[in-house]
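Student: I am new to this structure. Could we go through it in questions and answers?

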Amino acid sequence: MVDWRLTIKQVCNEMADFLIRKNESYGNSVFEPIGIFSNGNPLNNLNVRIDDKLNRLMQGNEYVGDDNIKDLCGYLILYMVLLEETQ
């Protein structure tokens, strides 16, 4: 029988690695947006990303290679991190 506790920890650890790699590849744009076309704060910018991802899920539109559920979970984790940083 699978130990669900270990599976949860494994999935969370994999998600952490994914988010760190992805944010680094975007030049830390989540926490330090460069604001060329948008001058919103990081939380507002993340809200737009979450809205876009939810819209894509609702419309059934997915880009090849994208994992909308994983991306959405990642955005929500980043949202939690940003909330922690602002408190």
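**Rings, charges and helices**

Student: How many aromatic pairs does the structure hold?
Tutor: Rings of Phe, Tyr and Trp (its six-membered ring) pair if their centres lie within 6.5 Å. By that rule, the number of aromatic pairs in the structure is 0.

Tutor: A note on the source: this is a predicted model, where local features need pLDDT of at least 70, side-chain atom pairs count only at pLDDT 80 or more, and totals for chains, interfaces and linings use all residues. Residues are numbered from 1 along each chain as its sequence is written, and side-chain values use heavy atoms, leaving out hydrogens and water.

Student: Over the ring of which residue does the charged end of Lys 70 sit?
Tutor: A charge sits over a ring if NZ of Lys or CZ of Arg is within 6 Å of the ring centre and within 35 degrees of the ring normal. The charged end of Lys 70 is 4.2 Å from the centre of the ring in question, that of Phe 18.

Student: Which pattern does the protein follow along the sequence?
Tutor: Helices (H or I, at least four residues) and strands (E, at least two) are DSSP runs, numbered from the N terminus. The protein has 3 helices and 0 strands. Read along the sequence, the pattern is α-α-α.

Student: Is α2 roughly parallel or roughly antiparallel to α3?
Tutor: The axes (lines fitted to C-alpha atoms, for helices over the stretch in contact, with angles from 0 to 180 degrees between N-to-C directions) of α2 (residues 42-59) and α3 (residues 68-86) come within 10 Å and cross at roughly 160°. Angles under 35 degrees count as roughly parallel, over 145 as roughly antiparallel, 65 to 115 as roughly perpendicular and the rest as oblique. Therefore α2 is, relative to α3, roughly antiparallel.

Methods:
Phe/Tyr/Trp six-rings, centres within 6.5 Å; stacked < 30°, edge-to-face > 60°.
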